[in-house]
Amino acid sequence: IREFGAIQFRNYGELFVRFTERVNLFVGDNGQGKTNLAEALYFLCHLTSFRSHRLEPLLAYGAASAWIQGTVIKSESEHKAKVEITRRGRRAWLDEAPVNTLSAYVALFYAILFNPDSLYSYRHYPATRRGEMDRFLSFLDPDYLDALRKYRGILSQKNELLKSGQPSSLPEWNQLLLEKASDIMIRRARLLEQVNAELPALFARLAGREEALQLVYEPSLRGEPEADAATLARVREQELAAGHALYGPHRDDFQLALGKQRKESYFSQGEYRVSLLALKLALNVLLGQHERFHPVIVLDDVFSELDGGVQERLLDYLQGIDNQIFITATQAPTTVQIPGMQFMEIRDGRIN
């Protein structure tokens, strides 16, 4: 993101800033707008906020709309991206032309985010973890996105049937659901292998520990047609009572584990932070391997609750990768300085 602007977004009345292509460090006291800027950068790529499912909180107080825009470089091509946000929805333009389907816009760009306020949701809600993997796989593999859309359509029809209490055609919908579920599960399992090829070394480098960090895939079905059909037949009455499907890729989970036993629910807060950082950076490695795509990395308040050794190892690692990086912090790190780093201060919605 070479240039970036925002109007009436959160506490930014009007903002225009040029970024370096390497590391951009934003420092300021709490409540000055550091996370708001991280949110705006992420929104420009994904057209969604990592802080709110509603659009209204993104607008400055009393504003009818907010705008964010940027000059974005992808594969050496320059694009002008612009987004309008209102209480009713979003509109996007690319190279001055309106984007008819927002999914086509989102398919172009990607940002990897670390934000401490999102840690609780990521740690405690399978839907958050599953959504992260689905977003990543959908960007990496358009066929996965297509399979996911078809699966969700079938799931919606099945849920309507279960709510109606008239299950006569349920076996047919279960068969359709299992056909799409198999494709999704295979692609998720393949991603797991790729992530786990990178994750232990990244965790060891950041944490300075030799315990092997792994991502564990926990599907709700087995991926065996006959066994899964028997499972859905067995839970038919449970699903009718619940009024929605209880088994399928929409109920799968991903968990982090240290060594052979310790799941993430037993991690300390510091362990979980560095483990999630390692996972995010492993996804970045996979994107770099895929057509040499290097997404922007947004690290919001990344140094809080990380000890000095982890901070130093993280900054050392960031020096060696090819991404553009945005870091927000309450104070600048003193142990490691990255060549070419652009330092900016945020105060009351203004950048100096």
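The model is predicted, so local features need pLDDT of at least 70 and side-chain atom pairs count only at pLDDT 80 or more, while totals for chains, interfaces and linings use all residues. Residues are numbered from 1 along each chain as its sequence is written, and side-chain values use heavy atoms, with hydrogens and water left out.

Start with the charges. A salt bridge is a side-chain nitrogen of Lys or Arg within 4 Å of a carboxyl oxygen of Asp or Glu. The structure holds 24 of these salt bridges. One of them joins R188 and D134, with the closest N and O atoms 3.0 Å apart. R188 lies in helix α6 (residues 170–207) and D134 in helix α4 (residues 126–140), so the pair ties together parts that are 54 residues apart in sequence. Helices (H or I, at least four residues) and strands (E, at least two) are DSSP runs, numbered from the N terminus.

Is this pair buried or exposed? Buried means under 20% relative accessible area, exposed over 50%, and partly exposed in between (1.4 Å probe, protein chains only). R188 is buried at 2%. D134 is buried too, at 7%.

E211 and R209 meet at 2.3 Å, N to O. E211 is partly exposed, with 31% relative accessibility. R209 is also partly exposed, at 27%. R350 and D348 form a salt bridge at 3.9 Å, N to O. Both R350 and D348 are exposed. Salt bridges can also share partners, and in this way D134, R152, R188 and D252 are joined into one network.

Now look at helix α5 (residues 142–164), where N159 lies. N159 is buried, with a relative accessible area of 17%. Contact means heavy atoms within 4.5 Å. Not counting residues up to four places away in sequence, N159 touches G243, H244 and A245.

Move on to helix α10 (residues 308–318). Which residues of α10 are buried? They are V310, Q311, L314, L315, Y317 and L318. These residues cover an arc of only 160° around the axis, which puts them on the same side of α10. The arc is that of the directions from the helix axis to the C-beta atoms. The buried residues of α10 pack against α6, α9 (269–289), β12 (296–300) and β13 (325–329). At the start of α10, a side-chain oxygen of D307 comes within 3.0 Å of the backbone nitrogen of G309.

Rings of Phe, Tyr and Trp (its six-membered ring) pair if their centres lie within 6.5 Å; planes under 30 degrees apart count as stacked, over 60 as edge-to-face and the rest as tilted. The whole structure has 13 aromatic pairs. In one, F19 and F326 are edge-to-face, at 4.8 Å centre to centre and 75° between the planes. F19 is in the loop between β2 (12–18) and β3 (23–27), and F326 is in strand β13, so this pair links distant parts of the chain, 307 residues apart. F19 is buried at 8% relative accessible area, and F326 is buried at 1%. F4, F19, F26 and F326 form one aromatic cluster.

Last come charges over rings (NZ of Lys or CZ of Arg within 6 Å of the ring centre and within 35 degrees of the ring normal). The charged end of K82 sits over the ring of W93, 5.3 Å from its centre. The charged end of R123 sits over the ring of Y272, 4.8 Å from its centre.

Terms used:
Polar contact = N/O pair within 3.5 Å; in protein donor to acceptor, adjacent residues only side chain to side chain.
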